[in-house]
Amino acid sequence: MYKILFVATIITATMASPVLSDNIIDLTGLDRPKNHGFETIKLGANMDLFAASRDFGPVGEKSELKLREMEMSLEAQINPWLYGMIFLTKPSDEPFDVEEAAVIADLSYGFRLKAGKYRNEFGLLNAIHEPERPQISLPLPVAEFLGEEQLREPSITIGKKIEFVNGHNGGVSLALLNSENEVAFNQAQSKDKAYSGKLYYGYRSSDTAYQLGFSALTGKNDVDGRLSTNLQAVDFLYMLKPDYASGYDYPARFMLLGEAFYNQREITAGNTNKAQGYWAVADYQFLPAHHIGIGLESTEGILDKSIKSDAYSMHYSWYYGSHSRLQLEARRLKIDNEDDGLEILLQWNIVLGPHSEKPFLPMLGQ
């Protein structure tokens, strides 16, 4: 079933014009309003330039400058109830690959179905593309428990949004996914599936907005399928003046966001390593397109919780376009209880068009 849905999504994407634009393109040339169908297709592209300087003592100095990633995206509201998207990514020194290709279908009774290869709904950062992350670096516990690529496997997710009164929303989603994550599930060596679920709550007004989430993930992490990994996460997002600069990837005047993780990984039968981690970022927009912020993060080791890593950071961001960003980050790290060092990161995202797909269950009314 995964392959059929995946191929159907690719065929849908390849029917579109390859012209890059940050606007809606009317392929028919007809002057008539329409908000769905292949006549209205959104295309985008992103180029990620990256520079870093790291100093972890005489043997830990490193500097680099590279084109880290190029990405092309295509989205279409195929009909009033079916949305499709595809993201093609070319990492540095690697060929183009399908990062995401999926469809979202609105079903009866308010249910929504998502199928294909995509970023799972687990946690807060997992469903966010890199240019929309609050900082250049990936938080330590996310990298430790899920790896740099996070959860991005062929999956089927079903969910439902529940609208309350006065801007309050709730929701729930359940997912079946291939356990291909190398860090959490050892690339599905046992051929078992993984399962995840999330509970959502959100509120938005003209002055404030906030979102809360609880996620759970389980799957096998060994060849024989006898050992399990269980991961839970609590995430939060708070925004003050959420419409301060609408149209930008981070419109709020002030944001506070973060996650806390609890990872239980069976090492051998009867031996489970229980590790914790957290990260939090505060971001203040002092001018409509200029941000400053701080971050704090900590994690225990996925295989040995006595091994700890910590970091704190500062960042400055300039959104010179609605989705394009230049960001500088200074990050002080202490890795594995030993290596203590400083890294300076610079990222320049050149983006044509929005870089994030339609949210699965939009708690804040996006």
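This is a short talk on one predicted protein model, from its overall make-up to a few single residues.

Good morning, everyone. Let's start with the whole chain. The protein has 366 residues, and 49% of them are buried. Its secondary structure comes to three helices and 17 strands. Please keep in mind that this is a predicted model.

Now the surface. The protein exposes about 17,500 Å². Carbon and sulfur atoms supply 60% of that area.

Next, contacts. Take the pairs in contact that sit at least 6 residues apart in sequence. Of those contacts, 57% join residues at least 24 apart.

Let's move to some strands. Find β15, residues 308–318, and β16, residues 325–335. How do these two strands run, parallel or antiparallel? They run antiparallel, and nine bridges join them. A hairpin of six residues links β15 to β16.

Stay on β16 and go on to β17, which covers residues 339–352. How many bridges join β16 to β17? Eleven, and this pair is antiparallel too. Here, Arg325 has Asn349 in β17 as its bridge partner. β16 and β17 also form a hairpin, with three residues between them. Look at Asp336 in that turn: its phi is positive, about 55°. So β16 has bridges to β15 on the one hand and to β17 on the other, by the DSSP rule that two strands pair if there are at least two bridges between them.

Now for single residues. Glu71 lies in strand β3, residues 61–79. Is Glu71 buried or exposed? Glu71 is buried, yet it has no salt bridge. What does the Glu71 side chain have a polar contact with? The side chain of Thr89, at 3.0 Å.

One more residue: Ala102, in strand β5, residues 97–106. Why does Ala102 count as buried? Because its relative accessible area is 1%, and the cut-off for buried is under 20%. Gly116 is 14 residues away in sequence. In space, the two C-alpha atoms are 4.2 Å apart.

To recap, remember two spots. β16 is bridged to β15 and to β17. Thank you.

Conventions: Residues are numbered from 1 along each chain as its sequence is written. This is a predicted model: local features need pLDDT of at least 70, side-chain atom pairs count only at pLDDT 80 or more; totals for chains, interfaces and linings use all residues. Side-chain values use heavy atoms; hydrogens and water are left out. Helices (H or I, at least four residues) and strands (E, at least two) are DSSP runs, numbered from the N terminus. Buried means under 20% relative accessible area, exposed over 50%, partly exposed in between (1.4 Å probe, protein chains only). Contact means heavy atoms within 4.5 Å. Accessible areas come from the Shrake-Rupley method with a 1.4 Å probe; for residues, only the protein chains shown count as cover. Lys and Arg count as positive and Asp and Glu as negative; His and the chain ends are not counted. A salt bridge is a side-chain nitrogen of Lys or Arg within 4 Å of a carboxyl oxygen of Asp or Glu. A polar contact is a pair of N or O atoms within 3.5 Å; within protein, one must be able to donate a hydrogen and the other to accept it, and residues adjacent in sequence count only if both atoms are side-chain atoms.
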